[in-house]
Each structure stands twice: as C-alpha cells, then as structure tokens.
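Open the model in your viewer and keep the selection tool at hand.

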Amino acid sequence: MEKRIVIITGATSGIGKATAELFLKNDFFVVITGRREGRLKELNKKWPNSSEFFVIDIRRKTDVDHFIKFIEEKKLIPDILINNAGLAAGLAPAHEADWADWEQMIDTNVKGLLYLTHQLLPLMVNRKSGHIINVGSVAGKEVYPNGAVYCATKFAVEAITRGLRMDLLPHNIKVSSVSPGMVETEFSLVRFKGNEERAKKVYEGLTPLRPEDIAEAIYWIAGRPPHVHIQDIWIMPAAQASPLVINRN
C-alpha cells in the first residue's frame with residue numbers, strides 16, 4: 001500500500017513541525033513547507049525517504065504557483081492538506097495599530113490559505129477524495145480587545161472552512177478545523193516582534209497547551225474512517241475558559 005501524502009504549511013516550528021513529525025512517525029509521506037529553509041532541510045534530512053520540502057511564503061501567489069508545479073511534477077497530490085501557517089502581529093488598540101501588521105495577518109492567515117487551497121482543490125475534486133484541515137483559533141470563535149484584525153482573520157478561516165465543507169460535500173472531500181486556545185510556541189514571540197520578556201508573560205501562572213497536543217488532535221481527525229467527519233475541535237488548556245477568562249496561579 002502506498003503511503004498517504006500530507007502537505008503541511010508552516011512546518012518549521014510549533015504546531016506545524018509537531019504535526020509533521022507525528023505523521024512521519026506514522027508512515028505518511030509528508031511535504032513540509034515554510035519560509036525557513038534550514039529548518040526544512042533539517043527535518044527532511046531526518047526523514048529522507050518519507051518527506052519532501054519546499055521553501056514557500058504563502059503570501060506570495062507566485063510562490064504558490066511554483067509549489068503547485070513542483071507537487072504535480074513529483075506526483076505528490078495530497079490526500080490531506082493541513083493549512084497551519086498563520087500568525088498574529090501586534091496587540092494594540094485599533095487606533096494605535098500598525099497598518100503593516102494588519103496587512104501581514106490578512107495576507108498570511110486569509111489570502112495565503114486561499115492561494116494554496118484554491119489551487120489544490122481541482123486536483124482533489126478530480127480525484128474525488130481528500131481532506132483539508134485548517135488550523136484556526138479560539139480567536140475565530142470569540143473576539144478580544146486589541147485583537148480585532150487578528151480575530152477577523154481567524155473568523156474568516158472559520159467561515160471559509162464551513163463554506164468549503166458545503167461546496168465539497170458532493171466530491172467526497174472532508175473539511176475540518178482545529179481551534180486552539182493558548183499554545184506555547186513562537187506565536188507570542190512573533191506577535192511581540194521578538195520581545196522575549198513580553199512573550200513569556202503570556203503563559204505565566206498556567207500550563208499552556210503544547211504543539212504536540214494540537215498535532216495529536218489533527219492526526220486523530222485525519223485518521224477517522226471514511227464515514228466519520230470531524231468538523232471542528234475546540235481545544236483549550238485546562239486553565240483557560242475563553243480568551244479573557246484564564247486561571248493564573
């Protein structure tokens with residue numbers, strides 16, 4: 001039996017990397033993508049017979065075009081697409097926010113997801129099978145102060161996921177999402193532009209989720225039998241009830 005093929009965006013760290021490693025350990029063929037070539041090469045070197053890597057910035061449609069040509073030439077049409085790449089930039093009230101931060105979040109979290117998904121959909125539809133798993137967020141369920149645009153991008157992911165699910169139902173393609181709360185990754189470091197002290201404070205006084213927790217949820221979703229479709233998993237650390245209700249000891 002041939003290995004099932006998985007494409008993962010944002011696989012250089014955090015949830016994406018943990019997810020790639022979990023699928024690799026379970027005998028899938030994984031196409032790992034991201035912007036940091038060194039990290040992709042390191043993971044590919046560890047699993048040379050079970051992975052390919054491609055350096056891509058999903059905000060650039062030309063990068064996505066080249067990637068689609070690459071997977072078609074390599075015959076790596078995915079059974080599973082995991083749209084993991086995403087970020088938050090800044091945490092300021094709207095009247096003080098940096099416009100560049102807003103554009104970066106919209107270009108990555110929404111347009112980047114759409115660029116890749118749109119080009120892969122015809123390939124899955126032609127084959128009459130596939131599974132798309134989008135990594136959303138609690139921020140796509142509830143808005144919080146100083147995060148209006150980040151939350152808007154994750155609400156967009158939620159809406160896109162639901163709409164795709166309806167459009168692709170006749171074509172035997174599942175569309176799922178995972179919506180995490182606080183996960184300790186590079187997320188806060190990126191949001192605060194490398195300010196380690198500020199990033200650490202986000203997780204003080206509680207035990208946040210680990211990237212591996214989300215990877216396990218994604219893997220479980222992907223492993224359900226054909227007649228079972230997990231539409232969404234909303235997963236939080238035990239110390240968090242909502243974006244604003246957190247028990248810090």
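Start with the lining of the second largest cavity: one nonpolar residue, five polar and two charged. Here Ala, Val, Leu, Ile, Met, Phe, Trp, Tyr, Cys and Pro count as nonpolar, Asp, Glu, Lys and Arg as charged, and the others, Gly among them, as polar. This is a predicted model, in which local features need pLDDT of at least 70 and side-chain atom pairs count only at pLDDT 80 or more, while totals for chains, interfaces and linings use all residues. Residues are numbered from 1 along each chain as its sequence is written, and side-chain values use heavy atoms, with hydrogens and water left out.

**Stop 1: the second largest cavity**

Select Gly 136, Ser 137, Gly 140, Lys 154, Val 157, Glu 158, Ser 177 and Ser 179. They line a space of about 30 Å³. H5 and S6 each give two or more residues to this lining. The largest share, three residues, is from H5. Helices (H or I, at least four residues) and strands (E, at least two) are DSSP runs, numbered from the N terminus.

A cavity is a set of points on a 1 Å grid over the protein atoms alone where a 1.4 Å probe fits but cannot get out; a pocket is an open set with protein on both sides within 12 Å along at least five of seven lines; lining residues have an atom within 4 Å of a point. Points are joined across faces, edges and corners, and a volume is the space filled by probe spheres set on them.

**Stop 2: the largest cavity**

The whole structure has two cavities of 30 Å³ or more. The largest holds about 50 Å³. Select its lining, including Thr 9, Ile 58, Asn 83 and Leu 116. Which helix gives the largest share of this lining? H4 does, with five residues. The lining has four nonpolar residues, six polar and no charged.

**Stop 3: the largest pocket**

Now move to the largest pocket, with about 1100 Å³ of space. Select Gly 86, Leu 87, Ala 88, Thr 185 and Phe 187, the closest to its centre of 49 lining residues. By class, the lining has 24 nonpolar, 17 polar and eight charged residues.

**Stop 4: the second largest pocket**

This pocket has a volume of about 330 Å³. Of its 16 lining residues, Gly 130, His 131, Asn 172, Lys 174 and Pro 226 are the closest to the centre. S5 and strand S6 (173-180) each give two or more residues to the lining.

**Stop 5: salt bridges**

The structure has 16 salt bridges. Each is a side-chain nitrogen of Lys or Arg within 4 Å of a carboxyl oxygen of Asp or Glu.

Select Asp 232 and Lys 141. Their closest N and O atoms are 2.3 Å apart. The pair links distant parts of the chain, 91 residues apart.

Next, select Glu 158 and Arg 162, a salt bridge at 3.0 Å between the closest N and O atoms. Is Glu 158 buried or exposed? Glu 158 is buried, at 13% relative accessible area, while Arg 162 is partly exposed at 49%. Buried means under 20%, exposed over 50% and partly exposed in between (1.4 Å probe, protein chains only).

Finish by selecting Lys 141, Glu 158, Arg 162 and Asp 232 together: they are linked in a network of salt bridges.
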